Amino acid sequence: MLGRVFAHRRWLRRFIGGAALCVVAFALAAVSRAADTQFTAPAFNATEVGQSPAQSKGVGAVLEAAPEAGRGASQPALTEQTEVRLVSAAAAAGDATGVRLGLDFTLQPGWKIYWRSPGAAGFPPHVEWEGSQNLARAEILWPAPERFSVLGLVTLGYHDRVVLPIHAELARPGEPLSLKAKVDYLTCREICIPYTAELALDLPAGPAAPTAFTHLIDRFENEVPRDGRAAGLSIERATIAGSPEKPVLEVEALAREPFQHPDLFIEGPSPLDFAAPVTTLTDAGHSAVLSVAIGTVAKEFPDWRATPLTLTLVDGARSVETRITASAGPAKSEGATFALMLLLALLGGLILNLMPCVLPVLSLKLLGVVTHGGAGRGAVRVSFLASAAGIVFAFLLLAAATIAVKLAGHAVGWGIQFQEPVFLTALAVVCVLFAANLWGLFEIRLPGFLADAMTEKPGKGHRGIAGQFLTGAFTTILATPCSAPFLGTAVGFALARGPFEIAAIFAALGIGLALPYLLVAAVPGLVRYLPAPGRWMATLKAVLGVALAGTALWLVSVMAAIFGLRAAVAVGLCLAGTPLALWARHLWPDFTRRSGVTAVAALVILAFALPGELPADNAGGSERDRAGWAPFARADIPSLVAQGKVVFVDVTADWCINCKANEAFVLDRPPVAQMLAAPSVVRMLADWTRPSDEIAGYLASFGRYGIPFNVVYGPGAPAGIALPELLTPDLVAEALDKAGSIKRTSRN
């Protein structure tokens, strides 16, 4: 029995706190009697119009003038620290079924009273209506509280002045209302003092004309947290994270206007304790993740994870309240979770080899394999290990850049370098030069020490090690626009944590992408099953050069969405002129061939310079912009769902090949296109081609940092259903059906 008592730590703290309060109260009373004085308030001139007694003693510069008692107000109950009165918004009972009242507390500076859930100690005001006539019931509404500390304990409540609105229901509308209120409350500063106030207020029959307290009651009733629509706040979801020993409640919230200083108050069964939240703001302050440590007596309350909680989010004058059951997966230790993420990163990197965005790089892989034709096993092994090392090294460089960007406070994401015009131009130039090299238009003449490293050494069989290393690095660069299955989960886990996790996950991704190379390095004999070198290699080189030129053309199309069509065409012409200049120089006399190199350098410089010099133009939207897809408006989603709509959000970009595959093979084809065109469905297109803090924050709220990404909202799924990276008609149809019963119409 004693163990149970001590297990309920909150109950024990309140018991001790209450006992201490009683001792303090008795001591104060004894001192008062010894001095032959009364422990009552000094004379408050409560009848002075325009100033309350507490105000005359300096209570809260924020307090407005208190109207005189009498019409619509009870006589105040006065103490040394407080003034309490019962006020009414109507001078008479009227003909309505109810009357709006208020319990008006005015407090001396530094003194506080408690919210309905006081926190670690204290108790809220409690009202008994015994002796009232014509009163059926009365409900107290609670304005948003503040967080403060008393005796080292974190508690919730109010200071200076607060009115607790009361909705009183009449037993017999149209008849007089006589109210008798016994109010028990606790006020605290360095010490806490319990008081009881006896209040009486009579409202005669007659028209319910407003009183001088109507505005005061309205003001505090507007501070009562509701569904958040008017305030532009919404609580999206709540999940239980952390380990079983140290659970954490993570609450994701949105704001129409950026958050300033959000706070979260959580109410649940008494065995649960909730710490102050740790807040992370994203999306330029429009999105917040509030992490709250949970203390619980698990043996006494084993089903706490499935317990509904009341969440009250407050940000200045704005607030929202909702009741929610936090979602929680199977509890895992941090070590097991990290090991699982490493495995997912390894699989995600391996699958990247099959993604369409890596296909241009496969040309370089195939060419590298073919050139090994008659090489020995040692040469094959070393060469493929060099390519694998290049891949892993490039991923570690990406990890270092990501860590630096994150530590600088900027948004990070998988493939965001494709939003940078300079990067796109540089990559397009590299693709064109690689293609020209495959077509035999030029050879790179390197300094002697580099040439030795990149050419075969007689008797050693090491051929092009540095070149193979660079080929692996180039593979990584072109792989980053794609988000393969498992990759998004692993990257999201890493980017939500620290530098060590980011480096480890990115290294695992690199090893996964390099696995085919490592396989050949481990079993060099696999090369024997490839065709023998021959004249067909020249044809293969030409075809693979065309593939790389096509990659450059795709990059130029991505530039059109960022630079504009005019600038993209100019860059494309410069890139097209590069192989032409290299080809033409073979027709010139030997002494003028350097002019070809000069022309290529000039074209490359122009490709970088022209986009910034040409006037910008409208690049135009995608085809789906003109086919009924609305621009992404995150703040509108809760209201649309409240209207019974289903909202389908597609986060895409012109540089994301997997996004285009989802569009071409799933979203824009029957039966999914027909379901998305239903009148009850709102399609939102979030275009991440250009950098956007709003979209980056939206992805981060789901723990995602790469695209493609799709979410379905609806009455059946107000928090949203996140879909996998690669879509299928069945996956989309199932999510639409779950969110709002949108049935498929055809399978053709």
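Thr-425 sits in helix 8 (residues 421–438); helices here are DSSP runs of H or I with at least four residues, strands are runs of E with at least two, and both are numbered from the N terminus. Thr-425 is buried, at a relative accessible area of 2%, where buried stands for under 20% relative accessible area, exposed for over 50% and partly exposed for anything in between (1.4 Å probe, protein chains only). Between the C-alpha atoms of Thr-425 and Val-604 there are 9.0 Å, although 179 residues separate the two along the chain.

A word on the ground rules. The model is predicted, so local features need pLDDT of at least 70 and side-chain atom pairs count only at pLDDT 80 or more, while totals for chains, interfaces and linings use all residues. Residues are numbered from 1 along each chain as its sequence is written, and side-chain values use heavy atoms, with hydrogens and water left out.

As for confidence, pLDDT is the predictor's own score for each residue, from 0 to 100. The chain averages 75, and 69% of the residues score at least 70. Residues 445–463 come out with a pLDDT below 50; this stretch still has 20 contacts in the model beyond near neighbours in sequence, a contact being heavy atoms within 4.5 Å. Residues 742–748 also have a pLDDT below 50, with 20 contacts beyond near neighbours in sequence.

On to helix 4, which spans residues 214–221 and has Thr-214, Leu-216, Ile-217, Phe-220 and Glu-221 buried. These residues lie on the same side of helix 4 because they cover an arc of only 165° around the axis, the arc being taken from the directions from the helix axis to the C-beta atoms. An α-helix has 3.6 residues a turn, so residues three or four places apart point the same way. The partners of the buried residues in helix 4 are strand 2 (82–88), strand 3 (98–107) and strand 9 (161–170).

Further along there is an open sheet of five strands, with mixed pairing and the order 20-22-21-23-24; two strands pair if DSSP finds at least two bridges between them. Its edges are strand 20 (630–631) and strand 24 (717–722), each of which pairs on one side only. Strand 23 (residues 709–714) runs antiparallel to strand 24, and three bridges join them. In that pairing, Gly-714 stands opposite Ala-717 in strand 24. Helix 17 (residues 657–667) packs on the sheet and touches strand 21 (646–652) and strand 23, with its direction at about 140° to that of strand 21. That angle is between N-to-C directions, on a scale from 0 to 180 degrees, and the axes are lines fitted to C-alpha atoms, for helices over the stretch in contact.

Strand 21 is largely enclosed by the rest of the structure, because seven of its seven residues are buried. Val-646, Phe-648, Asp-650 and Thr-652 point one way from the strand, while Val-647, Val-649 and Val-651 point the other way. Strand 21 is parallel to strand 22 (residues 681–687), with seven bridges joining them, and Val-646 stands opposite Val-681 in strand 22. With strand 23, strand 21 pairs in the antiparallel sense over five bridges; here Val-651 stands opposite Phe-709.

Most residues other than glycine have a negative phi, and most peptide bonds are trans. Asn-134, in the loop between strand 5 (126–128) and strand 6 (135–140), has a positive phi near 70° without being a glycine. Asn-134 counts as buried at 5% relative accessibility, and a polar atom of its side chain lies 2.6 Å from the backbone nitrogen of Arg-172. Leaving aside neighbours within four places in sequence, Asn-134 is in contact with Glu-169, Leu-170, Ala-171, Arg-172, Glu-175, Pro-176 and Leu-177. Asp-160 is another non-glycine residue with a positive phi, of about 65°. Asp-160 lies in the loop between strand 8 (153–159) and strand 9 and, at 15% relative accessibility, counts as buried. The peptide bond from Pro-670 to Pro-671 is cis, with omega near 5°, and Pro-671 belongs to the loop between helix 17 and helix 18 (672–676).

How values were computed
Polar contact = N/O pair within 3.5 Å; in protein donor to acceptor, adjacent residues only side chain to side chain.
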